[in-house]
Amino acid sequence: MCGIIATVAKANVVDVLLDGLKHLEYRGYDSAGIAVISNDKLDSYRKEGKVIELVNSLDKKLSATIGIAHTRWATHGKPLKKNAHPHISGNIAIVHNGIIENYLEIQKKFLKDYILYSETDSEILAHLINFFSRHHSILDAVYLSLKEIKGSYALGILDKNNPEIIIAARKGSPMLIGLGEQANYISSDPQALIKHTNKFIYLEDGDVATVSVDMVKIYDEKKNIIHREVKKSNLSLDSNSKNNYKHYMLKEIFEQPEAIMATIQDRIINDSVPKEILGPNAEEYLSKFKIVQIIACGTSYHAALVAKHWFERLAGIPCHAEIASEFRYRRHAVQKDTLLICISQSGETADTLSALREIKKTDYYVGTIAVCNVPESSLARECGSTIFTHAGPEIGVASTKAFTTQLAALMLLVIVLGKKFEITKELEESLCMQLKSLPQKIKSTLLLNSKIADLAKVFSDKEHALFLGRGSHYPIAREGALKLKEISYIHAEAYPAGELKHGPLAIVDENMPVIVVAPNNTVLEKLKSNLEEVKARGGKLYIFADKKSGFKNDEISQVFEIDAPMNPVSPILFTIPLQLLAYHCAIIKGTNVDMPRNLAKSVTVE
């Protein structure tokens with residue numbers, strides 16, 4: 001979603017701000033802008049479109065030692081220059097991530113005399129801070145403003161009358177402070193700052209901070225000065241590089257063998273997964289829980305659906321998986337002694353966090369576990385235990401290695417939790433061996449890349465596609481359809497293959513490509529029967545099948561063989577070719593692979 005970077009330094013900060021915006025591009029955005037205080041003037045520069053257009057529009061001589069910058073993903077108001085951030089009101093400039101839900105009420109109550117120049121909720125907040133600053137200090141004006149608003153925010157604020165400080169605030173949207181040499185920073189994402197520092201302070205909900213060149217002060221909701229721990233990040237500049245790949249997405253697809261290895265490394269010891277991987281809080285719920293509830297959004301929800309199959313089939317643990325944005329807004333009848341698992345790549349997914357916070361107010365859960373890729377994230381901090389996926393930074397909007405490492409982490413979790421139920425020592429050893437075999441088998445599967453690139457040519461004139469799978473591979477079919485939609489803009493739907501006769505057969509003809517996930521498992525013969533129904537109606541089949549499944553090429557079927565033995569971890573392997581298919585279809589279609597239209601990497605607002 002939207003990205004923030006701001007800095008105050010002893011040297012010119014303009015290039016730092018612009019470079020930071022470039023490193024925030026992967027989050028998804030439609031406009032960009034900066035505001036600086038220079039020569040006792042507060043100026044804002046904004047541009048619809050890409051950061052490079054903003055860069056090209058600026059005077060090369062522009063210089064300032066303090067400034068804020070923003071990439072905007074439209075929520076309130078169309079993606080136009082007038083709606084881009086920063087917003088200025090009098091002496092105040094702000095950049096804002098989040099949503100101000102009561103902005104219309106604030107306008108009526110405080111700002112009847114103000115002229116609005118944009119369609120955004122954020123501009124209202126700039127005016128509100130300016131309104132209170134007329135008779136209060138800037139810090140007090142910020143506090144008074146935040147008491148009035150309902151919603152979420154990460155804020156960077158400049159005041160021309162206080163040209164040596166940046167004010168930061170956070171509630172519901174991520175915000176951190178970077179500590180540098182003769183400079184300090186704020187940002188919504190460490191990626192924007194890793195070139196300058198690896199020392200970060202992560203603000204908590206309700207925190208407000210003042211940041212100057214040589215001092216950082218953090219206040220709680222009651223304006224008491226508080227201490228937040230300084231943490232060192234393991235991110236590197238290489239994490240932001242494409243290396244020799246054309247796109248981040250392709251790089252991240254090919255990083256999956258190493259990413260999976262990082263996920264399982266030191267967590268499998270003598271073909272066993274120790275409970276200590278869940279941290280010191282595990283004992284509190286390992287002996288108590290009776291049922292598992294998983295909440296997630298998007299791709300992470302597909303991981304949850306696979307995990308549901310694993311929990312129930314392998315461990316005998318009752319498990320529910322639900323989309324967080326649905327779960328949080330309905331009354332639910334949940335059994336006591338439920339263990340909650342929250343899955344989010346970024347750890348900042350708004351609906352998942354909000355659902356977690358609502359659930360923690362109840363008494364039916366015995367513990368909370370996060371499956372997450374970002375150690376410093378809100379989700380990791382707010383759950384009792386966390387399994388980090390160690391996927392490394394994922395820049396492409398369409399999730400690839402984050403998804404497969406989530407699945408690997410979830411299998412580790414199934415093993416640990418399942419020991420209390422039906423996972424025997426023999427099954428544990430088998431599952432551990434399967435996990436350890438994944439990196440090499442993924443490398444083997446990636447050898448299909450050139451063949452799949454040729455297959456993508458078939459989709460050059462297609463507008464629709466149907467994906468089929470069964471059991472724990474049906475969520476993989478869903479993930480494949482989602483990837484194709486996300487980056488190639490081909491409408492794609494996934495169905496359980498056994499549901500063909502209940503509707504989807506109506507759209508099958510010679511123009512409808514049907515992509516099939518075909519493991520060699522207990523429902524293989526059922527799947528083959530389902531595919532005969534497609535053949536009988538002239539549908540074109542593209543089958544990703546285990547080598548031992550017995551599928552052969554014919555006049556309307558093309559088979560791509562995968563070394564995916566009949567074992568529970570095979571959904572991870574079948575994910576790989578579907579990612580490659582989506583990627584190459586996007587290349588054929590000429591879309592923006594890493595930053596597809598209308599989408600954002602981290603969905604930090606509802």
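**Contacts and overall dimensions**

I began with contacts, meaning heavy atoms within 4.5 Å, and found that among those in the chain between residues at least 6 apart in sequence, 72% join residues at least 24 apart. I noted that this is a predicted model, in which local features need pLDDT of at least 70 and side-chain atom pairs count only at pLDDT 80 or more, while totals for chains, interfaces and linings use all residues. I also kept in mind that residues are numbered from 1 along each chain as its sequence is written, and that side-chain values use heavy atoms, with hydrogens and water left out.

I then looked up the radius of gyration, taken over C-alpha atoms, with the globule rule being 2.2 Å times the number of residues to the power 0.38. The chain has 25 Å, which agrees with the value near 25 Å for a compact globule, because the comparison is made at 606 residues. Along its principal axes the C-alpha trace spans about 75 × 55 × 45 Å. For surface I used accessible areas from the Shrake-Rupley method with a 1.4 Å probe, where for residues only the protein chains shown count as cover; the chain exposes about 24,400 Å², and carbon and sulfur atoms supply 48% of it. I count 60% of the 606 residues as buried, with buried meaning under 20% relative accessible area, exposed over 50% and partly exposed in between (1.4 Å probe, protein chains only).

I listed 18 helices and 25 strands in the chain, taken as DSSP runs numbered from the N terminus (helices H or I, at least four residues; strands E, at least two). In β2 (residues 31–38), 8 of the 8 residues are buried. I checked which way they point: S31, G33, A35 and I37 go one way and A32, I34, V36 and S38 the other, and all are buried.

Two strands pair if DSSP finds at least two bridges between them. I found β2 paired with β3 (residues 41–48) in the antiparallel sense over 8 bridges, with D43 as the bridge partner of V36. These two strands form a hairpin with 2 residues between them, and N39 in the turn has a positive phi of about 55 degrees. I also traced 6 bridges from β2 to β4, again antiparallel, where A32 has T71 as its bridge partner.

**The parallel sheet**

I followed an open sheet of 5 strands in the order β22-β21-β23-β24-β25, with parallel pairing. β22 (491–496) and β25 (557–562) stand at the edges, each with a single partner strand, so one side of each is left without a neighbour in the sheet.

I next looked at β21 (residues 464–469) and β23 (residues 513–518), which run parallel and are joined by 3 bridges; L466 has V514 as its bridge partner in β23. Helix α16 (residues 474–488) packs on the sheet, touching β21, β22 and β23, and its direction makes about 175 degrees with that of β22. For such angles, axes are lines fitted to C-alpha atoms, for helices over the stretch in contact, and angles run from 0 to 180 degrees between N-to-C directions. Helix α17 (residues 524–535) lies across β21, β23, β24 (540–546) and β25, running at about 170 degrees to β23.

**Backbone details in loops**

I found a cis peptide bond joining H85 and P86, with omega about 0 degrees, and placed P86 in the loop between β4 (66–72) and β5 (87–89). K223, in the loop between β13 (216–219) and β14 (225–226), has a positive phi near 70 degrees and counts as partly exposed at 34% relative accessibility. D266 has a positive phi near 65 degrees; D266 sits in the loop between α7 (256–264) and α8 (283–286) and counts as exposed at 68% relative accessibility.
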